[in-house]
Amino acid sequence: MKTEYSCEQCKEQLFDFVNSVLPPLEKQLVDQHLQHCAECDTDMADIWNLQSQASSWRDERVPRWKRRQFFFDPSPWPMRMQWAASFASLLVLILVLMEGRISTVGGLSIDFATNGSRYVSRPELMQQLARSQDLQRSEFDSSVQKLTSAQIATNQLLLRTVLNVSRQERREDLGNMLILWEQAQDQRSMSTEESLQYLIASQIRDRREIEVLNDAMLQVSTDRNF
Amino acid sequence: MYRELTMFGKATDEQLIQKALAGSERAWFGLVRRYEKRLYNYSLRMTGSPDDAMDILQDVLMSVYRNLASYRGDGAFVAWLFRIASFRCTDFLRRRGRQFASTDDVDVIDVSGADTGDGIDRNKGLMGMMNLLPTEQKHVIELKFFQHFTFDEIAGQLGISSNTAKSRMYAALKKMRKQNENVMLLKEGA
Ligand SMILES: [Zn+2]
């Protein structure tokens, strides 16, 4: 064989040679070079030695640590619905505190008050639900009837109107909730206000701390890509 | 081989990342538990100190957490993970380097660890040997001999060329060999 490896070419392949992953031709060329080059031969032995030492490493156990410590803020990722959820639970909390009541146009009403002896039992609630469903159904039927009698011919128009009716209903529900919310706000006691303020303040404080942290991280990131 | 049995034992890294990004805390913990041991032992060899290793582990995971949305899924997650680990670790060692004296004048210490059978002693021997190397050589040795990345992957992780990675490896091997020879001489003299 005419071609022979230089030291540089040999060193290129040495790691793979030690791990026996070289194609036959390259393996032969490295073999040949090693026979007359003490330096590369020493390198080869070094690789082999360190590899066997490295394989004797015994993984040590990770000490206990708080894995939860930085999973507390969704801000680095796209906003999730957490705000909506906490707002909803806050609203319920206030409704309970203020003994509020929600009722829909469809006839369903939910009482958050304990109102002395008043107590909504499960069958009662189911009854209410069924009643409101019936009401909604008849309302829907009547609006369809109205539409038909008005001789609206195209299905498209019919569909749009039905959608509008239900949208209107939903808007009214939301309107009712907002009124309740406003009433609750008007009536709220000092303690509720205080706890709310504390809640909001701590949210803002958390956010600010996280932003500062984030900025510091970004600073490091721009310094070195990460 | 590094995978541990978790609730997400069968999920791929990418699946866990997607779920974590969608807000699953459990998926994130699954990912953390999958790699924390490997990262901790990596940091242990890079720093030689359990306390520093813990600092780096948390630092790296924090960085991964913050940057998870920017992981594009092109290439293995583990390669991306160790790219971040390399950056964070270099930064850490540089900061620590300012606090302590340079590593150039280390005393000759027995790093062979050959005559101590215990696993932890063997680890100590290896850590001592790693500690002799300058940071940039340490990285290549760690990523090649312990993490088993290809030279191309290492080049990508350290932002150097594949050839530079190789020459750093040979420089490190030479340094370690000299150290071993010194220890042998000391033993013969004793
Ligand atoms: Zn040679």
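Between chain B and chain A there are four salt bridges, a salt bridge being a side-chain nitrogen of Lys or Arg within 4 Å of a carboxyl oxygen of Asp or Glu. One joins the side chains of Glu36(B) and Arg67(A), at 2.8 Å from N to O. The model is predicted: local features need pLDDT of at least 70, side-chain atom pairs count only at pLDDT 80 or more, and totals for chains, interfaces and linings use all residues. Residues are numbered from 1 along each chain as its sequence is written, chains are lettered from A in the order in which they are written, and side-chain values use heavy atoms, with hydrogens and water left out.

Contact (heavy atoms within 4.5 Å) links 55 residues of chain B with 40 residues of chain A. The buried area, meaning the accessible area (1.4 Å probe) lost on putting the two parts together and summed over both, is about 4800 Å², and carbon and sulfur atoms give 64% of it. On the chain B side, Tyr65(B), Arg66(B) and Tyr170(B) lose the most area to chain A, together 16% of what that side buries.

The side of chain B that touches chain A divides by class as follows.

| Class | Residues in that side of chain B |
|---|---|
| Nonpolar (Ala, Val, Leu, Ile, Met, Phe, Trp, Tyr, Cys, Pro) | 31 residues |
| Polar (the others, Gly among them) | ten residues |

Of the 226 residues of chain A, 26% are buried, that is, under 20% relative accessible area (1.4 Å probe, protein chains only).

Definitions and conventions: Buried < 20%, exposed > 50% of the residue type's maximum accessible area, 1.4 Å probe, protein only.
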